[in-house]
Amino acid sequence: MLIRKPSKLDGSDIRPSEITSKANYMNRRQFMEAGLKAGAIAGSAGFAGSALAAVVPEERRGKIPDIVDSEFSTDEAPNSYDDITTYNNFYEFGTGKGDPVRNAQDFEPRPWTITVEGHAAKTGTFDFDDFIKPHTVEERIYRMRCVEAWSMVIPWVGIPLADIIKRLEPTSKARYVAFETLNDRKQMPGLRSRVLDWPYREGLTMEEATNPLTIMAVGLYGETLPNQNGAPLRLVVPWKYGFKGIKSIVKISFVEKQPPTSWNMSAPHEYGFYANVNPEVNHPRWSQARERRIGQGVFAPKQPTLMFNGYEEYVADLYKDLDLRRNY
Ligand code: MTE
């Protein structure tokens, strides 16, 4: 299928909502008005920081209110809702691209808790709604480049991880942030396979975790995050290969040492801790110079992969002293 922009818009002011789910969207004005009210409420409830209180409905495809636009969004046309929700990697539900959408339908992402551990003042177990409430949700339309050499453009709804981290008050001993996915055999049939050492684990340096591009996604196309995309809460780090974007997170730990990460543990010569998108450093079994944009048809030419997935200006500084060939 070809990605088309609606003819009346023809460019920069296109919103993903106008491509697939217009009827489900509030207009911008309503967003802003609701936002001002929510800000007043949040202010009176004594939340520090963000003006809007994040609320994610429990129902599937529930509309998320008070979404704010972001300067970090790309104006490339997003993939369709169908592409993003039917072509997935989520090995807890099977290793085929179509397995997650098939096998995650009975998964229950609510109620949900997130446990925060390690070097921070605010540790403990938080209910999902309380965890996100102090924050503002933003739409972030990001490119996603999978290490398997395909890519998509995805309109996430999320919260800057830097805002969440600030609230949790890590100490100076916290040099890395480690994340874990739920490990529940009753709900996740893929866990019976030994394809990875479960639970799925990922990690970032503190500088990466607090970079303004890094978000915790809670939604897609203005709606609740689908199960197969990592409901209710997943990491999105757009300059890194997609496998860093750990799904259905239940634990966040502030640690001193570089934490073990799933794909690195499984095949250390193929997948590193950093996993920055880099067209010049090939995977041992294939080139990373080009990528296939999902949704453009199998005969569409592959497009060049960009350094740091096109986010170089925001992140190159983080790696100025690092040999990116050794630290792949
Ligand atoms: N998180 C968990 N828990 N399990 C997984 O198998 N796959 C990763 C990442 N997060 C994965 C995961 C990989 S390889 C990719 S490319 C992205 O999720 C895919 O995200 P998407 O299905 O939402 O496009």
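A polar contact is a pair of N or O atoms within 3.5 Å; within protein, one atom must be able to donate a hydrogen and the other to accept it. By that rule, the side chain of Arg-110 makes a polar contact with the backbone oxygen of Val-56, at 3.1 Å. The model is predicted.

- Arg-110 sits in a loop. That loop runs between α4 (99-103) and β2 (113-118).
- The relative accessible area of Arg-110 is 11%. Arg-110 therefore counts as buried, since the cut-off is under 20%.

**Arg-110: contacts**

- Leaving aside residues up to four places away in sequence, Arg-110 touches Val-56, Pro-57, Glu-58, Phe-128, Asp-129 and Pro-232.
- With Asp-129 the link is between side chains. This polar contact spans 2.5 Å.
- Phe-128 is another of the residues touched by Arg-110. The two are 18 residues apart along the chain, and their C-alpha atoms are separated by 8.2 Å.

**The largest cavity**

- Rolling a probe the size of a water molecule over the atoms shows where empty space is left.
- Searching the whole structure turns up one cavity of 30 Å³ or more.
- The volume of the largest cavity is about 90 Å³.
- Its lining is made of 14 residues. Those nearest the centre are Met-144, Val-236, Val-237, Pro-238 and Gly-242.
- Two strands, β4 (137-145) and β10 (234-236), each give at least two residues to the lining.
- β4 supplies the largest share, with four residues.
- By type, the lining has eight nonpolar residues, two polar and four charged.

**The ligand site**

- There are 16 residues around the ligand. Asn-88, Tyr-91, Glu-92, Gly-245 and Lys-247 come nearest.
- Asn-88 uses its side chain: an N or O atom there is 2.8 Å from an oxygen atom of the ligand.
- Asn-89 uses its backbone: an N or O atom there lies 3.2 Å from a nitrogen atom of the ligand.
- Tyr-91 also uses its backbone: a polar atom there is 2.8 Å from an oxygen atom of the ligand.

Note on methods. Residues are numbered from 1 along each chain as its sequence is written. This is a predicted model: local features need pLDDT of at least 70, side-chain atom pairs count only at pLDDT 80 or more; totals for chains, interfaces and linings use all residues. Side-chain values use heavy atoms; hydrogens and water are left out. Buried means under 20% relative accessible area, exposed over 50%, partly exposed in between (1.4 Å probe, protein chains only). Contact means heavy atoms within 4.5 Å. On a 1 Å grid over the protein atoms alone, a cavity is a set of points where a 1.4 Å probe fits but cannot get out, and a pocket is an open set with protein on both sides within 12 Å along at least five of seven lines; lining residues have an atom within 4 Å of a point. Grid points are joined across faces, edges and corners, and a volume is the space filled by probe spheres set on the points. Ala, Val, Leu, Ile, Met, Phe, Trp, Tyr, Cys and Pro count as nonpolar, Asp, Glu, Lys and Arg as charged, and the others, Gly among them, as polar. A residue is near a molecule or strand if one of its heavy atoms lies within 4 Å of it.
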